[in-house]
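Here is a short report on one protein model. Look at the structure first, then read on.

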Amino acid sequence: MLSAGRLDVGFGLGWSEDEYQAVGVPWRGRAARLEETLDVLEAFWTGGTDVRHTGELWTVPPSTVLARPAQRPRPPVLLGGVSPAALERVGRRADGWLGVGLPLPALRPLWERVRDSARAAGRDPAALRLVLRVNPAVTAAPAPAGDVPQRGTVAQIADYLAAAVRELGAEPLIDLHHAARSPEEFLSLAREFRDALAVPPLPARPPATD
């Protein structure tokens, strides 16, 4: 209710085996765990108030779940990853791909692989979203073209995102935690990107309900 249903659920398997080791979770089998996690969430989100799940990894006994998501039938699920298996999973199971900031010539074939996987699974590729996340190092002077979008000026990064929107239908997501060293700098950069991308203001939040 806090977001009035404005919720996207994003998952990724990660890239660092050390992180898995640090929390005592095996690196092997991570894809199968994600697949069944999605099954469990699907049961909780869409199974009505009486939920159960029996799988290879987990069992949820018959349970009464009264908390339901505001979105119907469930919140959109976005999956990350760039390996062939990850991209196939996006097309087969997700509502969209959490893409990464790559040069457009490298990004296009990955997005096409997602769309091809959706077609192979009998799904409409046009219904999938490309949420393109970039976390650039913002520079004062223009960076070489080959460095964009990993680094560059606000104008360079904005031009890259505008091209991704125009050519691929991407939804830009800018992560400034590598670029800003203070809250003030963060807000200043956010305003610069907002103006450069001509982002419209957010709609008014609906009144809270009980």
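## Strands, helices and rings

Strand 4, helix 3 (residues 84-93) and strand 5 form a right-handed β-α-β unit. The model is a predicted one. Strand 4 covers residues 77-80, and strand 5 covers residues 96-100. These two strands run parallel and are joined by three bridges. Within this pairing, Leu78 sits opposite Gly96 of strand 5.

Strand 5 has a further partner. Five bridges link strand 5 to strand 6 (residues 129-134), and this pair is parallel too. Here Trp97 has Leu130 of strand 6 as its bridge partner. A right-handed β-α-β unit is also built from strand 5, helix 4 (residues 104-120) and strand 6.

**The chain as a whole**

Now step back. The protein chain contains six helices and nine strands. Its C-alpha trace spans about 60 × 45 × 40 Å along the principal axes. Of its 210 residues, 33% count as buried. Take the contacts with a separation of 6 or more: 52% of them are between residues 24 or more positions apart.

**Aromatic pairs**

How many aromatic pairs does the structure hold? There are two. In one, the ring centres of Tyr20 and Trp27 are 5.0 Å apart and the planes stand at 90°, so this pair is edge-to-face. In the other, the ring centres of Trp97 and Trp111 are 6.3 Å apart and the planes lie at 10°, so this pair is stacked. Trp97 belongs to strand 5 and Trp111 to helix 4, so the pair ties together parts 14 residues apart in sequence.

| Residue | Relative accessible area | Class |
|---|---|---|
| Tyr20 | 14% | buried |
| Trp27 | 22% | partly exposed |
| Trp97 | 0% | buried |
| Trp111 | 4% | buried |

Why does Trp27 count as partly exposed? Buried means under 20%, and exposed means over 50%. Trp27 has 22%, so it falls in between.

**Around Trp27**

Where is Trp27 found? It is in the loop between helix 1 (17-22) and helix 2 (30-46). Arg30 lies over the face of the Trp27 ring, 3.7 Å from the ring centre. Trp27 and Glu17 are ten residues apart in sequence, yet their C-alpha atoms are 6.0 Å apart in space. Leaving out residues up to four places away in sequence, Trp27 touches Gly14, Trp15, Ser16, Glu17, Tyr20 and Arg33. Tyr20 on that list is also the partner of Trp27 in the edge-to-face pair.

**Around Thr139**

Thr139 is another loop residue to look at. It lies between strand 7 (137-138) and strand 8 (151-152). Is Thr139 buried or exposed? Its relative accessible area is 18%, so Thr139 is buried, given that buried means under 20%. Which backbone atom does its side chain reach? The side chain of Thr139 comes to 3.4 Å from the backbone nitrogen of Thr153. With neighbours within four places in sequence set aside, Thr139 is in contact with Arg151, Gly152 and Thr153.

Definitions and conventions:
Residues numbered from 1 in each chain as written. Predicted model: local features only at pLDDT ≥ 70, side-chain atom pairs only at ≥ 80, totals over all residues. Heavy atoms only, no water. Pairing = 2+ DSSP bridges. Helix = DSSP H or I, 4+ residues; strand = E, 2+ residues; numbered from the N terminus. Right-handed = clockwise from strand over helix to strand, strands pointing away. Phe/Tyr/Trp six-rings, centres within 6.5 Å; stacked < 30°, edge-to-face > 60°. Buried < 20%, exposed > 50% of the residue type's maximum accessible area, 1.4 Å probe, protein only. Lys NZ or Arg CZ within 6 Å of the ring centre and 35° of its normal. Polar contact = N/O pair within 3.5 Å; in protein donor to acceptor, adjacent residues only side chain to side chain. Contact = heavy atoms within 4.5 Å.
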